[in-house]
Amino acid sequence: LSSNRLTDKGTAVLAAVLAKPGSSLTSLSLAENKLGRRFMRSLADGLQRNTSLLTLDLHHGSLSDRDAMELGPALDANAVLQELNLAWNDVRDLGGVALAKGLEL
């Protein structure tokens, strides 16, 4: 689904799919979409419950420190995600710290 014009409504549905028990989705690319703050909250909630997603590509998604701060705790709760691409976003020190805390073992 990269390089599309997904809206908050569409991305919220995707995040809900991630949260469903038994989801078999193992890879998701939302690269080059303008992902909104509402999506990041939904995504974080879905990732906390997800047990199948191995790869998540959010590069060039217009993400900020605040978005990364939503994502950090979800990464801490998720035990299966192996690859996360956040290249070409506007994540800086605060967001980086939140992500690092979420990735601590």
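Guide: Before we turn to the helices, note that an axis here is a line fitted to C-alpha atoms, for helices over the stretch in contact, and that angles run from 0 to 180 degrees between N-to-C directions. The model is predicted, with residues numbered from 1 along each chain as its sequence is written, and local features need pLDDT of at least 70, while side-chain atom pairs count only at pLDDT 80 or more. Totals for chains, interfaces and linings use all residues, and side-chain values use heavy atoms, with hydrogens and water left out.

Visitor: Why is H1 called roughly parallel to H2?

Guide: The axes of H1 and H2 come within 7 Å and cross at roughly 10 degrees. Angles under 35 degrees count as roughly parallel (over 145 is roughly antiparallel, 65 to 115 roughly perpendicular and the rest oblique), so H1 is roughly parallel to H2. Both are helices in the DSSP sense (H or I runs of at least four residues, whereas strands are E runs of at least two, numbered from the N terminus).

Visitor: Which residues of H1 and H2 meet?

Guide: Asp8, Thr11, Ala12, Ala15, Leu18 and Ala19 in H1 meet Arg38, Phe39, Ser42, Leu43, Gly46 and Arg49 in H2, where contact stands for heavy atoms within 4.5 Å. Sorted by class, the contact of H1 with H2 has 6 nonpolar, 3 polar and 3 charged residues; Ala, Val, Leu, Ile, Met, Phe, Trp, Tyr, Cys and Pro count as nonpolar, Asp, Glu, Lys and Arg as charged, and the others, Gly among them, as polar.

Visitor: What makes H2 and H3 roughly parallel to each other?

Guide: Helix H2 (residues 37-49) packs with helix H3 (residues 65-77) at an angle of about 5 degrees, the axes being 8 Å apart, and H2 and H3 are therefore roughly parallel to each other. Among the residues that meet here are Met40, Arg41, Leu43 and Leu47 in H2 and Glu70, Leu71 and Ala74 in H3. The residues of this contact divide into 8 nonpolar, 1 polar and 5 charged.

Visitor: How do you know that Glu70 forms a salt bridge with Arg41?

Guide: A salt bridge is a side-chain nitrogen of Lys or Arg within 4 Å of a carboxyl oxygen of Asp or Glu, and the closest N and O atoms of Glu70 and Arg41 are 3.3 Å apart. The pair links distant parts of the chain, with Glu70 in helix H3 and Arg41 in helix H2, 29 residues apart. By this rule the count comes to 3 salt bridges. Another joins Asp45 and Arg49 at 2.9 Å, N to O, and both of these residues lie in helix H2, 4 residues apart, about one turn of the helix. The closest N and O atoms of Asp90 and Arg92 are 2.8 Å apart, and this pair too forms a salt bridge.

Visitor: Are Arg92 and Asp90 buried, partly exposed or exposed?

Guide: Buried means under 20% relative accessible area, exposed over 50%, and partly exposed in between (1.4 Å probe, protein chains only). Arg92 has a relative accessible area of 56%, so Arg92 is exposed, while Asp90, at 42% relative accessibility, counts as partly exposed. Glu70, at 26%, is partly exposed, and Arg41, at 45%, is partly exposed as well.

Visitor: What makes a set of residues a nonpolar core?

Guide: The members are buried Ala, Val, Leu, Ile, Met, Phe, Trp, Tyr and Cys residues, joined through side-chain atoms within 4.5 Å. The largest nonpolar core here has 20 residues, and those with the most contacts inside it include Leu43, Leu47 and Leu71. The elements that give two or more residues to this core are helix H1 (8-19), H2 and H3, and H2 gives the most, with 5 residues. Leaving aside neighbours within four places in sequence, Leu71 is in contact with Met40, Leu43, Leu47, Leu58, Leu84, Leu86 and Leu99.

Visitor: Why does Trp88 count as exposed?

Guide: Trp88 has 70% relative accessibility and therefore counts as exposed. Trp88 lies in the loop between strand E3 (83-85) and helix H4 (93-103), and, apart from neighbours within four places in sequence, Trp88 is in contact with His60 and Gly61.
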